[in-house]
Amino acid sequence: MIKVENLRKTYQMGEIEVRALDGVSLSIEKGEYVAIIGASGSGKSTLMHILGLLDVPDSGTFEIAGTDVTKYDENELASFRNRVMGFVFQQFNLLKRTSALENVGLPLIYARNGKKADLADKMLDLVGLGDRKSHHTNELSGGQQQRVAIARALVNSPSLIFADEPTGNLDSKSAKEIMEVMSELHASGLTIILVTHDANVANHAQRIIEIRDGKILSDAPNPTAPAVPDVENREEEQAGRKGFSLRAIREGLVLVKQSIRSLTANKVRTALSALGIMIGVAAVIATVAVGNGAKAAVEDQMSRLGSNLLMLMPQRRSRGGVRQASGSSSRLSAADVKAIREEVEHVVRISPTVDGNAQLKVGNLNWSCRVQGVDPDYETMRSYEPQVGRFITDEDLNSRARVAVIGVTPARELFGGENPVGKQMKINRQTFTVVGVLPEKGSSGFRDYDDTAFVPTTTAMRRLFGKQYLDRVEIQIDEAENMDRAQTSIMALMGQRHRTGSAENPFDIRNLAEIQDAVSSTSRVMSVLLSSIASIALVVGGIGIMNIMLVSVTERTREIGLRKALGARGVDVLMQFLIEALIISFFGGCLGIALGAGAGYLVERFAGMQVMFTRESIYMAFGFSAIIGIVFGIWPARKAALLNPIDALRYE
Ligand code: ADP
Ligand code: MG
């Protein structure tokens with residue numbers, strides 16, 4: 001069954017070359033029970049590892065059942081170890097904090113042939129541990145642990161059992177029991193290769209190979225071998241094949257379960273590594289929500305400004321560094337307003353504006369704010385329908401009445417809770433009557449739209465500010481598609497009315513929708529900036545995961561070695577660590593979403609900013625944490641996957 005010739009293996013220990021195997025040739029038939037005996041350091045374990053396909057020789061030939069296994073690649077070797085071989089080690093090499101049953105079932109995971117998990121159950125019965133199945137390995141005695149290891153070696157119905165000093169860590173009674181189990185296994189038809197330094201143990205075998213310094217000293221049948229006990233041959237377990245997808249799901253669940261176990265084994269560490277992701281995701285969620293809220297607020301405000309508005313104002317641009325003397329040609333007058341109203345098509349409303357700051361006074365209360373002179377049209381154009389009282393009327397305008405419509409801020413500051421309508425108020429020492437209170441418009445950034453008072457344009461010009469000309473004219477056009485045409489007509493008209501001699505028109509006209517676009521794009525830039533800062537937090541969180549995973553790989557080197565010995569392929573180990581990284585980042589992501597939502601809520605509550613959570617931002621946060629888990633988990637996982645099984649098993 002096994003045939004090796006001239007095996008050599010040399011270890012380099014600094015300057016010294018250790019010849020662990022120095023030309024070993026032997027062949028072992030199916031059903032044999034062979035003991036390899038020798039002093040410590042003679043090369044027994046090295047030989048067993050090579051025979052067990054855990055390690056490769058430097059030179060020599062190696063055939064199993066006629067096939068040359070030196071040509072097998074890593075995955076084929078893993079599958080061979082899983083299906084054909086079972087290992088029993090001196091240190092048992094069981095997974096801690098894991099039940100006996102799950103330890104035994106481990107090779108089934110990697111067999112991926114749909115063998116039922118109840119096989120593990122049967123195997124534990126077979127080694128006499130039927131009543132200890134759910135016990136964790138640390139609750140078992142040494143002898144019981146070794147029985148679990150034997151059950152694990154048997155679970156995939158191997159044809160070869162390798163045992164390296166299986167009784168080395170056991171008391172003599174347990175050792176005797178284990179050797180009895182071995183003899184029974186042999187009797188049931190298994191091939192057993194046992195490595196020991198103990199002649200008494202070796203005596204259970206039917207053939208004894210003695211090695212010294214990497215060479216075979218003697219190889220002979222054991223005359224004192226006990227008779228083969230009469231045990232019926234084990235029936236071959238036939239794998240019950242299930243549907244592929246069902247099996248894949250089950251295997252996936254087992255992997256996830258294992259990952260969760262190893263993560264919960266180290267709760268503090270897992271929580272700490274999830275912390276970074278949590279903060280990053282929270283930052284993304286919160287900043288995106290605040291950004292969206294700000295954008296929505298700006299859009300909302302803009303829509304409240306009124307639609308299809310044009311703003312005409314004198315050009316204030318400087319020419320050649322010298323500010324142009326404001327000649328009569330560039331001054332807006334009431335006559336211009338009249339001309340636009342009468343001559344330009346599509347104009348539905350028009351209101352001039354003059355503004356300045358003024359001191360408002362009621363009794364001994366003072367309030368200084370913006371005071372705007374406007375026409376009656378302004379009410380509808382800008383949706384300023386007063387919440388109480390009335391707006392400015394044509395009559396007020398014609399009589400230059402001393403009436404004012406005030407915003408909620410001066411109303412609050414000067415009149416407290418009282419209704420100001422009908423009350424007297426001084427504006428720059430002249431007595432005005434309050435005729436209405438403006439609707440609340442809110443604030444954007446530093447500007448409070450409610451901190452204002454409106455008076456008739458004529459009153460503002462003649463009585464308050466002594467201005468002869470208008471500061472701006474706001475014009476409302478009937479339909480959005482007529483904006484451009486109206487804009488051109490107005491400019492043409494203004495050019496005609498204020499002939500300057502130069503080709504350049506002394507007026508500027510702006511579409512408020514364009515201003516609106518500029519504002520929204522500013523808020524967009526802000527949210528991009530904020531989210532990029534948040535993403536940096538996410539990346540830092542990812543590096544945290546990577547760090548912890550790397551430590552974990554180093555710490556669990558032995559476990560990785562064991563899994564590989566039991567038939568895990570590189571990709572299985574890779575998946576295992578990747579799933580762990582994903583679970584950490586998923587966990588952190590969930591907490592982060594909660595934290596981010598909480599932070600957003602606080603911002604809304606205490607900073608008075610509008611916050612808007614969108615489903616997209618939550619998907620995005622999940623997506624991000626998954627990507628972070630994969631990207632930062634892949635390196636540690638690869639590192640684990642590339643470990644050599646025997647190096648990993650020997651790792652202390
Ligand atoms: P045994 O199992 O018979 O006690 P081993 O096969 O473990 O002996 O080791 C044979 C020799 O090879 C010993 O001298 C040991 O020190 C050496 N050796 C084994 N593994 C390594 C290794 N990974 N690196 C260097 N030397 C090793
Ligand atoms: Mg050894």
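This is a predicted model: local features need pLDDT of at least 70, side-chain atom pairs count only at pLDDT 80 or more; totals for chains, interfaces and linings use all residues.
Lys9 belongs to strand β1 (residues 2-13), while Asp55 sits in the loop between α1 and β4 (59-64), so the pair ties together parts that are 46 residues apart in sequence.

The count of salt bridges in the model comes to 33.

## Division into domains

The chain is split into domain 1 (2-237), domain 2 (254-299 + 518-650) and domain 3 (331-505).

Between the centres of domain 1 and domain 2, taken over C-alpha atoms, the separation is 42 Å.

## Where domain 1 meets domain 2

How many residues of domain 1 are in contact with domain 2? On the side of domain 1 there are 24, and they are in contact with 24 residues of domain 2. The area buried between the two domains is about 2200 Å², and carbon and sulfur atoms give 55% of that area. In domain 1, the residues that lose the most area to domain 2 are Leu54, Asn93 and Tyr110; together they make up 25% of what that side buries.

Three salt bridges are counted between domain 1 and domain 2. Separately, the rule for polar contacts finds six residue pairs across this interface, both residues being at pLDDT 80 or more. Three helices, α1 (44-51), α2 (74-84) and α3 (100-111), each supply at least two residues of the side of domain 1 that touches domain 2. By residue type, this side divides into ten nonpolar, seven polar and seven charged residues.

A salt bridge also joins Glu102 and Lys257, whose closest N and O atoms are 3.9 Å apart.

## Surroundings of ligand 1

Ligand 1 is surrounded by 13 residues. The closest of them are Gly41, Gly43, Lys44, Ser45 and Thr46.

Which part of Thr46 lies 2.5 Å from an oxygen atom of ligand 1? For Thr46, an N or O atom in the side chain is found at that distance from the ligand oxygen. With Gly43, a backbone N or O atom lies 3.0 Å from an oxygen atom of ligand 1. Ser42 likewise has a backbone N or O atom by the ligand, at 3.2 Å from an oxygen atom of ligand 1.

Note on methods: Residues are numbered from 1 along each chain as its sequence is written. Chains are lettered from A and ligands numbered from 1 in the order in which they are written. Side-chain values use heavy atoms; hydrogens and water are left out. Domain bounds come from an automatic or database domain assignment. Contact means heavy atoms within 4.5 Å. Buried area is the accessible area (1.4 Å probe) that two parts lose on being put together, summed over both. A salt bridge is a side-chain nitrogen of Lys or Arg within 4 Å of a carboxyl oxygen of Asp or Glu. A polar contact is a pair of N or O atoms within 3.5 Å; within protein, one must be able to donate a hydrogen and the other to accept it, and residues adjacent in sequence count only if both atoms are side-chain atoms. Helices (H or I, at least four residues) and strands (E, at least two) are DSSP runs, numbered from the N terminus. Ala, Val, Leu, Ile, Met, Phe, Trp, Tyr, Cys and Pro count as nonpolar, Asp, Glu, Lys and Arg as charged, and the others, Gly among them, as polar. A residue is near a molecule or strand if one of its heavy atoms lies within 4 Å of it.
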